[in-house]
Amino acid sequence: MKRLWNLRASFSEGVLIKTQGDVYTVWKPLNEILGSHNARTTITLNLHNRRTRRVAHGALELLVEASSTHVDWRLKAGGVNITREFKPSFALEIPELNRYFFKFVYDITGLLNTDEATSREWVNIIIKHSGGDQLSLKGLLLNVIYEDSEASSIYSYATGLLLVERGDEFTYNLNSAFQNSSNIHTKLILYAPRATRARIAYGGSVETLTLQHNQAEEYSVLSGRFTPQIKLLLEEDAQSYVVLSSITTYTVDLKVPRLELDGVEALRRGSD
């Protein structure tokens with residue numbers, strides 16, 4: 001099977017949403033093989049603090065490792081079929097393993113707004129393997145924006161599969177819409193075939209990340225002020241390359257209720 005497309009070009013420019021709403025993201029790391037001996041799995045993703053609110057945006061992505069696209073499967077969310085076709089949105093060859101990393105991205109906003117789904121604070125993702133090569137599930141990401149007039153949010157989401165090799169540096173430019181924001185959350189999903197270290201640089205700070213062997217993991221950065229760039233760096237002597245899967249950036253401002261007290265008299269203890 002030949003390389004599917006350019007490794008370094010497989011990352012989207014992303015979406016930017018400014019809305020009245022509250023952002024919630026959930027990452028579910030997995031390491032489950034589906035095939036003839038284990039054909040079906042159900043993964044529950046919690047929709048924390050939904051409170052029957054409608055969803056303005058719902059993005060679901062799955063990370064899958066397999067030896068080819070010759071896989072028969074079925075994917076459901078909340079009991080509704082999403083797809084029966086194994087057609088990844090992004091693909092990346094894992095050079096030394098003769099395997100591929102696949103990314104599937106779906107807009108499930110409508111599925112999360114049915115009467116049944118709105119009443120629940122979770123959604124079940126069902127994956128069924130029905131033939132062909134076995135696959136290994138590496139993780140699921142769900143990003144949602146709850147509609148809420150009491151909250152104001154800025155949200156940015158970029159996804160794909162980008163190979164960052166030893167000695168490389170990847171720079172992500174934050175959208176200028178965040179320029180006047182504080183408490184900016186950035187969440188990165190990273191994968192490494194072998195345990196290694198990477199660094200994230202932002203706003204004058206540098207953090208060292210320890211990536212586990214053959215795991216896709218989420219790493220969070222919280223910045224108290226706008227920083228125009230976030231950099232992912234690998235040293236020349238790193239034990240492995242790293243795959244960047246997605247970057248989610250958001251800030252949420254909640255309206256603070258104003259409390260007014262009328263006709264309150266202060267009495268000293270013991271006074272008449």
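What is the mean pLDDT of the chain, and what share of its residues reach 70 or more? The mean is 89, and 90% of the residues reach 70 or more. This is a predicted model.

**Confidence**
- Residues 1–9 stay under 50 in pLDDT. The model still gives this stretch 23 contacts beyond four places in sequence.
- Residues 266–272 also have pLDDT below 50.

**Strand β18 and its partners**
- β18 spans residues 242–254 and is mostly covered, with 10 of its 13 residues buried.
- Strand β11 (residues 151–164) runs antiparallel to β18, and 12 bridges join the two. Within this pairing, Tyr155 has Tyr250 of β18 as its bridge partner.
- Strand β13 (residues 184–192) also pairs with β18 in the antiparallel sense, over seven bridges. Tyr191 is bridged to Val243 in β18.

**The five-strand open sheet**
- The strand order is β2-β10-β4-β8-β7, and the pairing is antiparallel.
- β2 (21–34) and β7 (90–94) form the edges, each pairing on one side only.
- From one strand to the next, the twist averages 15 degrees.
- β2 and β10 (residues 135–147) are antiparallel and joined by 12 bridges. Leu34 has Leu135 in β10 as its bridge partner.

**Aromatic pairs**
- The whole structure holds eight aromatic pairs.
- One of them is Trp73 with Phe86, an edge-to-face pair. The ring centres are 5.0 Å apart, with 70 degrees between the planes.
- This pair links distant parts of the chain, 13 residues apart. Trp73 sits in strand β5 (residues 71–77), while Phe86 lies in the loop between β6 (80–83) and β7. Both residues are buried.
- Trp73 also pairs with Phe104, this time in a tilted arrangement. The centres are 4.8 Å apart and the planes 50 degrees apart.
- Because Trp73 lies in β5 and Phe104 in strand β8 (residues 99–107), the pair ties together parts that are 31 residues apart in sequence.
- The burial cut-off is under 20% relative accessible area. Trp73 has 2%, so Trp73 is buried. Phe104 has 0% relative accessibility, so Phe104 counts as buried.
- Ring pairs link Trp73, Phe86, Tyr100, Phe102 and Phe104 into a cluster.

Note on methods. Residues are numbered from 1 along each chain as its sequence is written. This is a predicted model: local features need pLDDT of at least 70, side-chain atom pairs count only at pLDDT 80 or more; totals for chains, interfaces and linings use all residues. Side-chain values use heavy atoms; hydrogens and water are left out. pLDDT is the predictor's confidence in each residue, from 0 to 100. Contact means heavy atoms within 4.5 Å. Buried means under 20% relative accessible area, exposed over 50%, partly exposed in between (1.4 Å probe, protein chains only). Helices (H or I, at least four residues) and strands (E, at least two) are DSSP runs, numbered from the N terminus. Two strands pair if DSSP finds at least two bridges between them. Axes are lines fitted to C-alpha atoms, for helices over the stretch in contact, and angles run from 0 to 180 degrees between N-to-C directions. Rings of Phe, Tyr and Trp (its six-membered ring) pair if their centres lie within 6.5 Å; planes under 30 degrees apart count as stacked, over 60 as edge-to-face and the rest as tilted.
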